[in-house]
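Biologist: I have the file open and would like a walk through the fold. Can we take sheets, then pockets, then packing?

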Amino acid sequence: MLAASGKLDRRELTRALLTDRGEMLVIAGLGAPAWDITAIGDCAENLPLWGGMGGAAMIGLGLALAQPKRKVLVITGDGEMLMGIGALATIAVQKPANLSIVVQDNEHYGETGMQETATRHGVDLVMMAKGAGIQHTMFVTKPDEVPALHKAIHAGQGPFFAVAKIDATSKPLVLPPREGALLQARMREAVMGPAAHHQL
Amino acid sequence: MDEHSIDKAPDAAADWPDQIYSLLKTHNITQVALVPDAGHSRLIRRCLADNEMKVVTLTTEEEGIALLQGAWLGGAKGVLLMQSSGVGNCINMLSLSIMHRCPLPMLVTMRGDFGEFNPAQVPMGNATQTVLEAMGTLVHRADTPEDIAPTVNATIRLAFNTFRPTATLIGQRVLGAKTFGKD
């Protein structure tokens, strides 16, 4: 699971987190996290984002509040999380037990030329989540910590927030569907069945 | 309402905030996302007192666009309450609602509008409708108390029946502008 740099391989980490996912719904932030979940296996329970930078965690919150019995996982990047960092406060106050957020932190803006993010310069997203009042957190750097991370996102004792430091190397593009209406409708149908399309 | 606050809340006799609350119940709205505005203060109190509603106070209004995208993915209906200044914070995030065809009703209380006192409110207030429409939102104004309920009803119906962002702008003329005794 380690890249040549000695850091976690993002795609192997994603594969480990999504193993035996059951009915868990997954929101992936734009860019590499969206390609990662698609590479592991595109399905109706995935919403890979093409835009809305800074909104992934809040989409997870709205979904978690709407479906309190379903596990919801947000996988996103450090740049995306930083852009919507206030969401940590909003989520901490709402305390959704079924919501987990995992930041795959490569300390760079990967889609735009690998410019450094604030986490490259010491900004600690786990401390920010704790400061917001999210009590269950993890900071992951090693493969032997990943099983505990997998357990935590399936435990339903959220809100749960984790940062996994990952290798910055870009992976081959594996693109999800680009039709937003399809991505939305298929997840709604996965949650509610065919009635999703007849809701008034 | 605090005598020393800059915003103006609806006066006690006005019943349009209660009419909006009734409409939210009629349309089975269960997530209410907001950054507070004095104009919405009574409506917010009604929503907070309702155990069937999740009231989510946001740190910035764009969080509400994303929240309600998630709500709709999970089959819940929501509404976003904000002041006109907050509309500016939502611009890029509105891409989500358009991209996914997500119903998104917004109820916006106007500042920088009719008889504004605070110069800082004017630039965004003056641009609110233009900005929303530039991002594909269907906008209707309500400038009298009796216009508010039918306009809000139309805004909610338009959002959930036709899958897009919609907005009612509640004019400052309805709320009145505070002048700090400098009339």
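Biologist: What is the strand order in the open sheet of chain A?
Modeller: The order is β2-β1-β3-β4-β8-β7, six strands with parallel pairing. Strands are DSSP runs of E, at least two residues, helices are runs of H or I, at least four, and both are numbered from the N terminus. Two strands pair if DSSP finds at least two bridges between them.

Biologist: Before we go on, what kind of model is this, and how are things numbered?
Modeller: It is a predicted model: local features need pLDDT of at least 70, side-chain atom pairs count only at pLDDT 80 or more, and totals for chains, interfaces and linings use all residues. Residues are numbered from 1 along each chain as its sequence is written, chains are lettered from A and ligands numbered from 1 in the order in which they are written, and side-chain values use heavy atoms, with hydrogens and water left out.

Biologist: Back to chain A. Which strands are at the edges of its sheet?
Modeller: β2 (46-48) and β7 (136-140) of chain A, each pairing on one side only. β7(A) pairs with β8 (residues 160-165) of chain A in the parallel sense over five bridges. In that pairing A:Phe139 stands opposite A:Val163.

Biologist: And what is the order in chain B?
Modeller: Chain B has an open sheet of six strands, β2-β1-β3-β4-β6-β5, and the pairing is parallel. Its edge strands are β2 (54-57) and β5 (138-142). Neighbouring strands there are turned by 20° against each other on average, direction ignored. That angle is taken between axes, lines fitted to C-alpha atoms (for helices over the stretch in contact), on a scale from 0 to 180 degrees between N-to-C directions.

Biologist: How many bridges hold β3 and β4 of chain B?
Modeller: Four, between residues 77-83 and 104-109 in the parallel sense. B:Gln83 stands opposite B:Thr109 there.

Biologist: Pockets next. How much space is in the largest one?
Modeller: About 410 Å³. A pocket is an open set of points on a 1 Å grid over the protein atoms alone, where a 1.4 Å probe fits, with protein on both sides within 12 Å along at least five of seven lines; lining residues have an atom within 4 Å of a point. The volume is the space filled by probe spheres set on the points, which are joined across faces, edges and corners.

Biologist: What lines it?
Modeller: The largest pocket has 27 lining residues, with A:Leu30, A:Gly31, A:Ala32, A:Gly110 and A:Glu111 nearest its centre. α2(A) gives the most to this lining, four residues.

Biologist: And the second largest pocket, which residues are closest to its centre?
Modeller: A:Gln184, A:Ala185, A:Arg188, B:Trp72 and B:Phe163, out of 12 lining residues. The volume of the second largest pocket is about 160 Å³. Helix α8 (residues 180-192) of chain A gives the most to that lining, with four residues.

Biologist: B:Trp72 again. Which ring does it pair with?
Modeller: B:Phe160, at 5.7 Å centre to centre and 50° between the planes, a tilted pair. Rings of Phe, Tyr and Trp (its six-membered ring) pair if their centres lie within 6.5 Å; planes under 30 degrees apart are stacked, over 60 edge-to-face, the rest tilted. B:Trp72 lies in helix α3 (residues 62-73) and B:Phe160 in helix α7 (residues 145-162) of chain B, so the pair ties together parts 88 residues apart in sequence.

Biologist: Are those two buried or exposed?
Modeller: Both B:Trp72 and B:Phe160 are buried. Buried means under 20% relative accessible area, exposed over 50%, partly exposed in between (1.4 Å probe, protein chains only).

Biologist: Last one: why is helix α3 of chain A called largely enclosed?
Modeller: Because 11 of the 11 residues of α3(A), 56-66, are buried.
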